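Dear colleague,

Please find below the structure that I am handing over to you, followed by an account of what was found in it.

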Amino acid sequence: RMGGALLACGSNDPILDMLQTTMKKAYPEFLILSANTGSTEGLKALNSGYTDLAWSHLLDPKSGQYNIPFLPTYAPDVNAVVVNLFHRELGLIMAPQNPFGIKGFENLGREGIRLVNRQKGSGTRVLLDHHLKEAKIPSARIEGYDREVYTHFEVGLSILSKEADVGIATVAVAKLLGLPFVRIAEESFDMILEKNTFFHKGIQAFIEVLNSKEFRQRVEPIGAYDFKDSGKILYSTN
C-alpha cells in the first residue's frame, strides 16, 4: 500500500480522535485513516485484508477476557497481535439531573424511557445485550432499541437534543457534555493487527505518541482512562 498511510476501522472512542490529532502533529508523514464500523466489523475487515488495524473492545462474558476469545471466530486467517491502547470506563449516560433516576440496566424496561442504541456488532451493543439478558428484559420492550448511532458522541448528542433519555457511552462523553454517568464496566480497548504490520514505522510512531507526555496531558482532564497497559502486547499468535 502507498507510503505511510494505514487504514484502521472498528470501535470508537473520543480520546482515539485526540490521539490521531496528536499523531498528525508529531508524525505528519504517517497517516491513519479511521472508520467507525464497530468492533466486530473491524475484526472481520482485518481478516478480509480490508484494513491494517482493528480497534476493538469485545467482552467474552464467560472468560471475562476482551477481544482475544473472538479472534478464532472473526479473524481466523490473521497472524494476530493484540496491543492494549487503554482501559476505559463505560457507563449509562442520562439527561441532566437524571430525571428518571436511572441507576442501572434494570431500569431500562421502564415505561417512558427512550434508549439510544449503538449499531449491531459494536462492543457496546454486545455488552448491552448481555446485561439485558441477565436482567431478563426483552429488547422489544425498550423504546428506541432500534435507534442506532455509530459513535459515543452521537449517543451523548441524542440525549442532549432530547431525542433519547439514556444510552451507553464512555466517561469521556459524560464529562465533555456534562451528563450524569453510572459506571457499568472497565473495558480493555485494544488494537489488533497482523504481526508484519506491527513493525511498520507508522505503528511504532503511533505507540510512541500514545505513551507521550503531550497526549497524556491532553486527556488527563477527562480522567477515568487507565494507561497502565498502554502499548503492551497482550497476545500474539505463534
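In this predicted model, the crossing of helices H1 and H8 is right-handed. Helix H1 covers residues 14-26 and helix H8 covers residues 201-210; their axes come within 10 Å and cross at roughly 115°. The two helices, H1 and H8, are therefore roughly perpendicular to each other.

On the H1 side, the residues that take part in the contact are Leu16, Leu19, Thr22, Met23 and Ala26, and they meet Gly202, Ala205, Phe206, Val209 and Leu210 of H8. Sorted by class, this contact of H1 with H8 comprises eight nonpolar and two polar residues, with no charged residues.

I turn next to the aromatic residues. A pair of aromatic rings is described by the distance of the centres and the angle of the planes. A search of the whole structure finds eight aromatic pairs. One of them is formed by Phe86 and Tyr225, whose rings are edge-to-face, with 5.4 Å from centre to centre and 75° between the planes. This pair links distant parts of the chain: Phe86 belongs to strand E6 (residues 80-94) and Tyr225 to strand E11 (residues 225-226), and the two residues are 139 residues apart. Phe86 and Tyr225 are both buried.

A further aromatic pair is that of Phe198 and Phe199, which is edge-to-face as well, at 5.4 Å centre to centre and with 80° between the planes. Are these two residues buried or exposed? Phe198 has a relative accessible area of 11%, which is under the 20% cut-off, so Phe198 counts as buried. Phe199 has a relative accessibility of 63%, which is over the 50% cut-off, and therefore counts as exposed.

Finally, a note on Leu31, which is located in strand E2 (residues 31-36). With a relative accessibility of 35%, Leu31 counts as partly exposed, because this value lies between the cut-offs of 20% for buried and 50% for exposed residues. Leu31 and Asn84 are separated by 53 residues in sequence, and their C-alpha atoms are 20 Å apart in space.

With kind regards

How values were computed:
Residues are numbered from 1 along each chain as its sequence is written. This is a predicted model: local features need pLDDT of at least 70, side-chain atom pairs count only at pLDDT 80 or more; totals for chains, interfaces and linings use all residues. Side-chain values use heavy atoms; hydrogens and water are left out. Rings of Phe, Tyr and Trp (its six-membered ring) pair if their centres lie within 6.5 Å; planes under 30 degrees apart count as stacked, over 60 as edge-to-face and the rest as tilted. Helices (H or I, at least four residues) and strands (E, at least two) are DSSP runs, numbered from the N terminus. Buried means under 20% relative accessible area, exposed over 50%, partly exposed in between (1.4 Å probe, protein chains only). Axes are lines fitted to C-alpha atoms, for helices over the stretch in contact, and angles run from 0 to 180 degrees between N-to-C directions. Angles under 35 degrees count as roughly parallel, over 145 as roughly antiparallel, 65 to 115 as roughly perpendicular and the rest as oblique. A crossing is left-handed if the near helix is turned anticlockwise from the far one by less than a right angle, and right-handed if clockwise. Contact means heavy atoms within 4.5 Å. Ala, Val, Leu, Ile, Met, Phe, Trp, Tyr, Cys and Pro count as nonpolar, Asp, Glu, Lys and Arg as charged, and the others, Gly among them, as polar.
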